[in-house]
Structure formats: structure tokens, C-alpha cells
Amino acid sequence: MSTSSIADIVRPNEATFSDHDRDVLASFWHPVAFASEVADKPLARRLLDVRLVVFRGEGGIAVARDLCAHRGASLSRGWMDGCTLVCGYHGFRYAGDGSCSGVPAQDPSVPLSRKLRLRTFPAVVTHGLVWTCLRPPARAPVPEWPDLARADRQNLELPPSTWKAAAPRQVENFNDVAHLSWVHTGTFGNRNAPRIDDYKVVEQPDSLEFSLRYPQVDRDTFLKRENAITSMTYVYTLRLPFATKLGVTSPDGRILDIYDIASPETARQTRVYMLLSRNYDQLEAAGPAIDYQLHVNQEDIPVVEDQYPEDLPLDLREEVHISADRMSIAYRRRLVSLGLSGSWIA
Amino acid sequence: MIDDPVLLNDWHVVARASELAADSVRPSRLLGVDIVIWRGGDGIQVWDDLCIHRGAKLSGGRVKEGCLTCPYHGWTYDSAGKCVRIPAHPSQTPPPRAHTRTHPVRVAYDLVWTSLGTPAGDLPPFPEWDDPAYRNIPCGPYPFNALGPRVIENFLDVGHFPFVHAGYLGDPGHTEIDDYEAEITPTGVIARDIPIWQPDPDGTGQSAKVFYTYEALRPLTARFTKAQGDKRFSMIDIVTPVDEGHSLAWAIMAMNYSFEVPAEKIVVFQDEVTAQDLPIVESQRPEMLPLDLQAELHLRSDRTAIAYRKWLRQLGLKYGTS
């Protein structure tokens, strides 16, 4: 396990995490883009306060610190020349492995300084997402999610969105069931079924799981019936720290898996990557299903962005808990056991 | 929360009572604290805008049957702030800790007053409100990107009339301020009968000399009465300390003349006067009013400001001062 801190690659005025908590989270894989977003332009991204550039090099997609070693310019302001990343300031050229392959201002025969290279991070493309780990070796592998590779599934990518909220608040909300009957009454929530039966959280080494039934109101595409109530089975699997699969199964065997991966840009801002995976309606346009999920998210966003304190209180005494909160209690405890202190703001 | 015992234990205006319809709920902010204001069958309530369960803002919720319901999980709070229903577990009695932080409420001058602490004193007096000889005309609230002490000191200042309010309250041809006295009293600051030459003090189009009497009633509340013969024009200015950078100025004008002039016209005049003050007050540096009198330069005509600063120092006001 790496012992070095990544505090040295955070601009001092952009530090929102405590160095300790940032280092804990930096030991996990987090998504920084959909692979489909990485095309002929370098992308600017932020992860755990660190500015990153994501680009397609010769050996595949590369993730590096968004900083030219020459004069500190942001490489994401540059451009791609084939598989070479070109700095927009003085035209320095970088390959996907971070090495500098050319300095246009000097004669090519002049040897290049060995310091002239990008700080790169491992990049893995899986499930259509580009994952990186800022402080390798990672404590846990990228989530496997074999259902995404099943032949009977159609996978849909939602356009990523940025929530002005801490990642654990976003994740806890995604795993919260008692709010469905209150916040989601414009989509699938059933105002007449607020009661949450007791459920059990199964603790695995890397994840938390629970399931329950929810009498969902179908106001849209799912069963093509308006306001019919269907008792769905929800199976939640939360891969720590921030990746959740929610499997929704209807009594007639329709399956919609919703993957929610919260990528912490800062302690106050989270980029949310979502995938839908369905075994039905596969010949139909993807637009309505994507729009529906975006609508569901729009119901959550104002509530979650307004929660106070902004950091998820890891000390359970700070908020009040009820039995419907078993998952949230378990999640908070597990975040503590990962080594997070909860005092996220430096 | 802004740590200033003087203001925490004072009353502040957070809404106009007549604008709070039955079963309405709205967010606001006082001394850096997000608050929710709502009206149910038991009247107006002011609480911290926070559900103790998962920290959601209650102001996004709804009022139903005299209770306020959290928008996140439907926790229902009665008018005393006690959670009486947790819909996820209807048979379970909500735990005693499931209680909001409530704040005292008073309604006066059609304004809703609250305090985040324990107010020792009463609301500032405005006797014109109940005096049948006067017509009361509310105006504002005016948002300032400035702190209360600067806003109030500007309200107490007469020297800026010919420059900031030329043609409105002052005459660039009459810039001199005659001498006057200002004193600190047990209840605040008073400066009596300051003579001012105004281009049109009563709306008749005639310039005349009028006499202003100013009072600071609370650290962030001041009033004046302008006298011209038997005509009296009073105005109270109540500044709400929203947070470290923002204020909200609520005002009421009271006049014992010109009943025929529509109130809207008088409000428009006051809106224009405030719009003239706004860029000046927002530009003042330091933003904190210096209570050390050596820090800025004072003139004889600044006697009210000098007394106000001395009084704030006596009170121990920290907010908006240095």
C-alpha cells in the first residue's frame, strides 16, 4: 500500500478535503469520464481536488495531472495531434505514458530533461467508464458488475451531471428508501405507501446489501401503464465507498438495473455517473428511459444540495435515526472503518 | 451562526406578517443561520431550517393540518416543533430528540420578529403605528451587500443629502450643516433638531428648512422624525443581519399630512432614495464599521455617527464592527 500523500498535487487554494481523508479516498478507483466522452479533445476533470486531463493516447485512454511540466499550463486547454497531447502554451508534446516527445521551440537534437513528463495515473476502462486511482495500489478492484456484460441486457449511459453536494450525501440518498414516497411523487413514488418494513443489511467485505419491496407507481415507460401500482423488488448493492447497483425487478420479470457512481470532484461537489441496464424495451428508443431517470434525479438534487451539514455526519449522534435508516447507519459506520475522519474540509 | 451575543439576544425582523398566507412556508436567513418561517393554525413559527433526521431543509416542505412536513421523508412537526409522525414507521413514537430548534416570534408593525437567543429587551418602539393622526407606509425590504452598522450609520447621516440625494433630500447649493448635539441615552442615541435645507421636503415643490431628530433605538434599528411646522414625517429603519455579507433593511414611513398622495408614489420615492444610497454603502471600506474613532476622520457634523459608534462600543457589538 502506498504511503505517500497526494497533498502535493493539490493547488493550496483548491484543497477542500483534509489531506487524510483525501488520501483514504484516493486509494480507491473512481470514474472520471465515460469512455465515449474521450474523443479528439483532451478533457478537463477534477477528482479529490486534483485537476486531471483525460485523453486518448497510443496505448489507450490516459489520465494525468492537468499540468504541463514546463510552465504549469493546463494541458486540457491544449489539443490532440493524433495520439499526442499538445500543450496549448508552448506546444510541448506528450504521449499517453506521460513522456514528452517533443519541444517545438528547440532543436530536436537537444536531449529532453527527464523531469519533463506528466504525472500519470492508472486508467482502466470498464463498463464504458474510465476509472482512475490517484494513490495506487488500489485497496479494492473496480466493481465487477457482471450483469452489465449479459447478452440479454441493453446498457444506457446517462449524461453525467454535477451535484453541489458531498459524494456520501449523494450515495446515501441513492440508497435511501424512506424518501421515495415523498420526493419522487412526480415519477415513481407512492405517497400512499410511506411505511418502510424492517429490512436487514448484509455486510460484505467491500459492500453493503439489502433488499425490499416497494409498491411503485408507474407513471411512465416502465410498464406502459399510467398510475398502476406494481410491487417491485429493489436490491441494493453499495460497493464502498461510492458505487451502487440498484436492481429493480417487476413481478413479470422485467429488470432495470440502475448504477449510480459518485465521483468526488471536491468535498462539496460530486460528478454523478449513471448507467441503466434493462432486459426489456430494447428495440425502443433510449431517450424516454434516460429522460425519466434524469427527471428522478431532478427530484433529488434540490433536497440533497440543501442538506446540512454538507458533510455526511459520521458521528451517529449528530442526527436522529429510525429503523428505516439501517442502511444509512451501516454506511456511515463503514465509511468510518475505511479510515475517513468525517472532518472533510481541511 | 454569527457569534455575537448582543445580536443573538435581540429581536430581528424576518418577514412581513401580511405576506405570510395561511399554510405558507418560506426560507430565510438570520445571523448566518438558515431559518424556516411558516404559518399554520397556531400562528407564525420560526425554526432552524433543518430536519434533525437527515439535515434536509424544512422550507421545501408543506404545511398540512397545522403541521410542517419535511420534503425528504415526510417527518411531520407540530407547531411546537415536536416531530409527531414518522411515516416510515407510523406505529413508532418519534424519539424525543426529533425536535426542531424553535425561536420566539412576535408580530408588531405588520412585521414578524424573532430571536436566535433570549431577548432581554422589548421590540423597538414606533408609536406612530397606532397613532390615528398618522398614515403608515411600509417599504423595502432593501437588500444590501453590506453590514448593518454601515447601513444604519448611513441612515443617521445628514451630510450626504446634497451629494447622494441631490434634488431629493438635499440641495447642492446648501451643503453646510449647522451645529447640533448628539447624546447617548439609556436606550440609545438621540440627535435633536438638526436643521437641513431641503429642495422639496413635503411634496409641495417649495424648498424649506426642516428639522430632523434622529434616534438609534437598537444596534441595527434607527428612526427619525422630520418636522416642518405641524407636519411630521417619521421613518423607522430596521436592518436584519442576514449573514457576514448581507443585510436586509425593512422600513416604515409615517406621515400626518399628504393623505391624498397614493402610498405607491411615496414608496417609489423611497425606493429611489435607497437606490442612491446602495452603491455608496456597498462600496464603503472597511466593511466593518471602525469603532475606534481614530480609524476614520470625523467632523462636527458627524456627531450622530460618533455617538452611535461609542454606543455600539458600550454595548459590545462585535458583528459588522472593528
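Me: How many Å separate the centres of domain 1 and domain 2 in chain B?
Reply: Taken over C-alpha atoms, the centres of domain 1 of chain B and domain 2 of chain B are separated by 34 Å, where domain 1 covers 5–114 and domain 2 covers 127–315, with bounds that come from an automatic or database domain assignment. This is a predicted model, in which local features need pLDDT of at least 70 and side-chain atom pairs count only at pLDDT 80 or more, while totals for chains, interfaces and linings use all residues. Residues are numbered from 1 along each chain as its sequence is written, and chains are lettered from A and ligands numbered from 1 in the order in which they are written.

Me: And which elements of domain 1 of chain B touch domain 2 of chain B?
Reply: The contact joins 14 residues of domain 1 of chain B to 13 residues of domain 2 of chain B, two residues being in contact if their C-beta atoms, placed from the backbone, lie within 7 Å. On the domain 1 side, α1 (5–8), β1 (12–16) and β2 (25–30) of chain B each give two or more residues, and β1(B) gives the most, with four residues. Helices (H or I, at least four residues) and strands (E, at least two) are DSSP runs, numbered from the N terminus.

Me: What about chain A, where do its domains lie?
Reply: In chain A, domain 1 is 7–132 and domain 2 is 146–337, and their C-alpha centres lie 32 Å apart. Here 16 residues from domain 1 of chain A and 14 residues from domain 2 of chain A take part in the contact, and β1 (30–34) and β2 (43–47) of chain A are the elements that give two or more residues to the domain 1 side.

Me: Switching topic, how many residues of chain A are in contact with chain B?
Reply: There are 19 residues of chain A in contact with 21 residues of chain B, and the elements giving two or more residues to the chain A side are α3 (180–183) and α4 (287–306) of chain A.

Me: Does the span of α4(A) agree or disagree with its 20 residues, and why?
Reply: It agrees, because at 1.5 Å a residue the 20 residues of α4(A) should span 28 Å and the end C-alpha atoms are 29 Å apart; the expected span is 1.5 Å times one less than the number of residues. Even so, α4(A) bends by about 30° at A:D300, with a proline, A:P302, following within four residues; the bend is the angle between axes fitted to the seven residues ending at a residue and the seven starting there.

Me: Which residues of α4(A) are buried?
Reply: They are A:A289, A:Q293, A:D300, A:V303, A:V304 and A:D306, where buried stands for 20 or more other C-beta atoms within 10 Å of a residue's own, exposed for 12 or fewer, and partly exposed for in between, with C-beta atoms placed from the backbone. Their cover includes β19 (269–278) of chain A.

Me: Why is α1(A) called largely enclosed?
Reply: Six of the eight residues of helix α1 (residues 19–26) of chain A are buried, so the rest of the structure largely encloses this helix, and the cover of those buried residues includes β18 (255–266) of chain A.

Me: Last one, is A:A64 buried or exposed?
Reply: A:A64, which lies in strand β4 (residues 60–65) of chain A, counts as buried because of its 25 C-beta neighbours inside 10 Å. Beyond its neighbours within four places in sequence, A:A64 has contacts that include A:L52, A:V53 and A:F121.
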